[in-house]
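User: Could you walk me through the charged side chains in this one?

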Amino acid sequence: MSIRAPPRLLELAGQSLLRDQGLAVSAMEELPRVLYLPLFMEAFSRRHFEALTVMVQAWPFTRLPLGSLMKTLHLETLKALLEGLHMVLTQKDRPRRWKLQVLDLRDVDENFWAVRPGAWALSCSPEATSMRQTAEDCPRMGEHQPLKVFIDICLKEIPQDECLRYLFQWVYQRRGLVHLCCSKLVNYLTPIKYLRKSLKIIHLDSIQELEIRNMSWPRLIRKLRCYLKEMKNLRKLIFSRCHHYTSDNDLEGRLVAKFGSVFLRLEHLQSLKIKLVTFFSGHLEQLIRCLQNPLENLELTCGYLLEEDVKCLSQYPSLGYLKHLNLSYVPLFRLSLERLGALLEKVAATLETLILEGCQIHYSQLSAILPGLSRCSQLTTFYFGRNFMSVDALKDLLRHTSGLSKLSLETYPAPDESLNSLVRVDWEIFTLLRAELMRTLREVRQPRRIFIGPTPCPSCGSSPSEVLELHLCC
């Protein structure tokens with residue numbers, strides 16, 4: 001039987017102080033630093049809003065990482081804290097103990113609150129606090145520095161989340177006193193006018209990851225280009241299911257040129273993901289040649305590329321250091337893949353992930369990419385399912401992976417010989433051919449996680465995953 005440890009004197013003192021909120025409020029200015037964090041956590045958990053309002057006005061640390069304490073924002077708690085901050089920010093002479101520079105509302109994994117009561121005094125020292133802060137999060141001390149509020153934002157259908165709407169309004173009314181910083185911004189189904197209103201409030205150079213879904217390409221380029229150009233620290237740009245309704249190729253070319261001009265300003269861009277890439281068909285070169293920084297991640301999925309698009313992939317230095325390349329569900333069966341093979345040779349020293357799932361690649365095209373693939377010594381993940389391969393072509397492919405010692409997850413299609421007239425797997429034939437393929441593979445290397453066959457498997461329902469060891473359905 002375990003015996004619960006008695007509460008420490010610090011905990012008892014904090015609980016006693018909060019029982020008398022009037023006393024707690026009057027004592028905040030003189031409260032020892034060692035009591036500040038446990039008392040704030042007690043007031044937060046018991047929702048003593050008046051105490052929270054006063055505590056934030058005398059916050060003795062440079063950061064308040066509220067998001068790691070409050071996984072989901074609570075409106076009344078947020079209002080209490082922002083009311084206290086308003087009182088401080090509008091004062092000419094701010095409280096002597098107030099050191100707050102950053103209010104962090106992101107759900108980040110950090111140890112600011114997870115300290116033993118006996119270690120509070122040490123962990124809350126200026127030296128310990130400064131060690132937990134990055135240069136970005138901690139601007140230089142100065143008179144009336146704007147308060148930085150960090151948050152990751154996900155805009156969904158209107159009406160928006162009440163907490164987010166309240167925060168936007170609070171920041172907008174205190175322009176100059178508060179900088180709203182957003183490292184990650186995701187827009188799902190929000191109309192473009194609401195996204196633009198949000199971008200007018202956010203400090204654009206704070207955005208490092210931007211994801212936009214379900215939006216018209218022409219409207220996106222016309223309405224958001226001026227904002228994108230100011231996101232100078234953008235590292236990841238994702239467009240998913242962005243559509244267009246024009247068949248005017250000249251108009252598309254002009255729009256892509258305008259969009260490409262944005263990339264001339266994005267010097268830190270490392271990852272570009274575009275799902276439904278149809279809009280750029282025939283114009284991809286206009287986009288790629290504007291990239292200023294070498295990309296680490298390029299994803300062009302679920303659309304169409306033309307011969308000239310694939311041709312340009314190996315020509316520009318910005319694609320010479322790729323770590324992740326994803327062309328899944330882009331039909332390549334009518335294209336010459338020599339340029340894709342040339343790109344693989346170019347990035348052989350850096351490429352870690354290659355996804356060619358569902359590209360409808362025919363076995364007659366395979367020879368164009370095998371030399372480049374065989375040199376990708378850093379490759380850990382290779383998805384090649386849903387392509388048209390004979391058993392001999394698959395054997396040739398497997399032999400060319402003999403030098404890929406880091407390959408830990410790989411997928412391949414069922415060979416054409418195992419498919420019946422309805423293009424469905426004949427499991428009796430498939431089982432024999434798969435065993436033959438596995439013998440061929442084990443002659444050159446030992447696989448780790450491998451999946452051969454239709455995805456998901458009609459027999460067991462399994463799909464490739466990080467926990468899959470070997471796909472051996474009967």
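This is a predicted model: local features need pLDDT of at least 70, side-chain atom pairs count only at pLDDT 80 or more; totals for chains, interfaces and linings use all residues.

User: How many salt bridges does the search find?

Analyst: The whole structure has 11, where a salt bridge is a side-chain nitrogen of Lys or Arg within 4 Å of a carboxyl oxygen of Asp or Glu.

User: And Glu211, what does its side chain meet?

Analyst: Glu211 meets Arg213 in a salt bridge, 2.6 Å from N to O. Glu211 is buried at 10% relative accessibility, whereas Arg213 is partly exposed at 26%; buried means under 20% relative accessible area, exposed over 50%, and partly exposed in between, with a 1.4 Å probe and protein chains only.

User: Is Asp104 buried or exposed?

Analyst: Asp104 counts as buried because its relative accessibility is 1%. Its salt bridge with Arg106 has the closest N and O atoms 2.8 Å apart, and Arg106 is also buried, at 13%.

User: Switching topic, which residues gather in the positive patch?

Analyst: Arg219, Arg222, Lys223, Arg254 and Lys258 do, on the surface. Patch residues have over 30% relative accessible area and no salt bridge, with like charges joined within 9 Å and nonpolar side chains (Val, Leu, Ile, Met, Phe, Trp, Tyr) within 5 Å. Lys and Arg count as positive and Asp and Glu as negative, while His and the chain ends are not counted.

How values were computed
Residues are numbered from 1 along each chain as its sequence is written. Side-chain values use heavy atoms; hydrogens and water are left out. Accessible areas come from the Shrake-Rupley method with a 1.4 Å probe; for residues, only the protein chains shown count as cover. The place of a charge is taken as NZ of Lys, CZ of Arg, CG of Asp or CD of Glu.
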